[in-house]
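Thanks for coming, everyone. Please take a look at the structure on the screen before I start.

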Amino acid sequence: MALTRAEMDHLALLARIGLTDEEKDRMASQLGDILQHMERLNQLSTEHIPPTAQVIEATNVLREDEVRSGLTREQVLSNAPRAEDPFIRVLPILE
Amino acid sequence: MSLAALTVHEAAKLLAGGEISSVELTTAALERIEQLDARVKAYVTLTPELALEQARAADAARAGGEGAGQPLLGVPVALKDVLVTEGVRTTCSSRILESYVPVYDGTAVARLRSRGAVFLGKTNCDEFAMGSSTENSGFFPTHNPWDLDTVPGGSSGGSAAAVAADECIYSLGTDTGGSIRQPAALCGVTGIKPTYGRISRFGLVAFASSLDQIGPFTKDAEDAALVLNALCGRDVMDSTSVGRPVPDFAAALTGDLAGVRVGVPSEYFAAGLEPGVEAAVREALKVLERAGAVVDECSLPSTDYALDTYYIIAPAEASANLARFDGVRYGFSKEASDVWGEYNATREAGFGAEVKRRIILGTYVLSAGYYDAYYLKAQKVRTLIKQEFDAAFERFDVLVAPTSPSVAFRIGEKTNDPLAMYLSDVLTIPVNMAGLPGMSIPCGLSDGLPVGLQIIGRAFDEETVLRVGHCYQQQTDFHRQRPAL
């Protein structure tokens, strides 16, 4: 079943992606098909199965907290669309 | 025949013997690109000046006595455009990174550079590696060298096509749900995804971090071993890279399969498998048997659920990873009257349809009220899939199956039906869910198009996978077949 327009509006807001009305309608129907296909997972009993988030055994990989050389400020700013050395200009986030 | 048709091991021998120079080899590859790439469209960015400079440096190093035990010195490679390269534009085939020029090399790239590789350019892929046909590239589709009206597979379609068309000696790709193995199958080349953790992901633009792996496309299994020798190993910049000892993979290529137990998972031969694909794979199993392998059927019952699991987990991880593309620090930026409007406008104009679809899908399965039903459920099914592989590997050393249920499909055939496109990865995805090594090698033609044989190994046992692939290639010459371009 296709997602509703309200659901699509909410998801677009959460993901911070502008979508046209046409994109929302098309995607709502495609996601409905995909989610319906996923209902098949409920055929499997997983009550006592632990979740797997990743497959390697490592946990909490630590290293010495040592000073190492990193990128220069020029390098870091080199790809910013609105760099004004030594800053990146952005719009206000607080009124 | 162009020098660009050589394998890595053939080229290394000729270079070591002084019979060819790296400049000659590189020039041959660049000429091949010049002749063919207007039709194949494997490359997004070409770097001929850099390549020739690296080739001259490699020739000079060799003249100075270097080169022993360095099979990659002076050998030209193509890099998937999700691997960051210092000073060379890295786009992920996305408008949002169209003008992004990294200031550092990713670890895999740095390892090749330090071994004297020659960088020909960056290859096309599905945008941010999301897709199965390379049609989701933000720039243009790549064409399969075997039939230019068909897709090369994806997402690493450019890297696979470049090897198939001899527009490089080898290439690097990445595999999150099959993006090395499926295009290797569809383009008739060798492609291996090593175990999760074998190769550092530092400098690989993240798609789904618990699944992404880098690996090579080559012209045979021996080359795959040589390239893995250079790429594998622990890296402090990636805490998920594993500190296990890295063997000499080339030493595993014994040429025989005496006593190797091969499992054939029946679920991989289910409905939807093209008869021509099944026939070629069944024939290949007989070749393995004649070479000494013990072949028997087995079952991986959750196979059918892996696809759904993947399309929950991978978009969930992607929706978080791609949050970084906000138009502030790098990449395309679209101005608006307020900061939220800028994010919305930048991401609306910068991302293509499939990337938007996956970000929205990932956002949905992680959102309040749906997390347990989708994301947690998928993680539990992921455990089941892994447990079934573990059980199978108590009986078998490798599992062998088709790589893709079909040969290359026509450009445009599946672009309007995302679910149909997703189904083309149904036989490669389970391997990523379990983090296992998997390789695809050519095992024949169906309707004139290549069929891929998938060889799946235990975690960190690339050696047996390569041994099986190499032995098969000693018995057959499908890997030597080339498209008539």
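A word on the basis. This is a predicted model, where local features need pLDDT of at least 70, side-chain atom pairs count only at pLDDT 80 or more, and totals for chains, interfaces and linings use all residues. Residues are numbered from 1 along each chain as its sequence is written, chains are lettered from A and ligands numbered from 1 in the order in which they are written, and side-chain values use heavy atoms, with hydrogens and water left out.

Start with the interface. The size of an interface is often given as the accessible area lost when the parts come together. Here, about 5,200 Å² is buried between chain A and chain B. That is the accessible area, with a 1.4 Å probe, that two parts lose on being put together, summed over both. Carbon and sulfur atoms give 66% of it. On the chain A side, R16(A), L41(A) and N79(A) lose the most area to chain B, together 13% of what that side buries.

How many residues take part? Chain A brings 51 residues to the contact and chain B brings 66, with contact meaning heavy atoms within 4.5 Å.

Now polar contacts: pairs of N or O atoms within 3.5 Å, where within protein one must be able to donate a hydrogen and the other to accept it, and residues adjacent in sequence count only if both atoms are side-chain atoms. Between chain A and chain B, 21 residue pairs are in polar contact, both residues at pLDDT 80 or more. On the side of chain A that touches chain B, α2(A) gives the most, with nine residues. Helices here are DSSP runs of H or I with at least four residues, numbered from the N terminus.

Next, salt bridges: a side-chain nitrogen of Lys or Arg within 4 Å of a carboxyl oxygen of Asp or Glu. Which residue does K356(B) pair with? K356(B) bridges to E23(A), with the closest N and O atoms 2.9 Å apart. K356(B) lies in helix α11 of chain B and E23(A) in helix α2 of chain A, so the pair joins two chains.

Last, the lining of the largest cavity. Both partners of that bridge, E23(A) and K356(B), are among its lining residues. A cavity is a set of points, on a 1 Å grid over the protein atoms alone, where a 1.4 Å probe fits but cannot get out; lining residues have an atom within 4 Å of a point.

Key. 1 Å grid on protein atoms, 1.4 Å probe; cavity = no way out; pocket = protein on both sides within 12 Å on 5 of 7 lines; lining within 4 Å.
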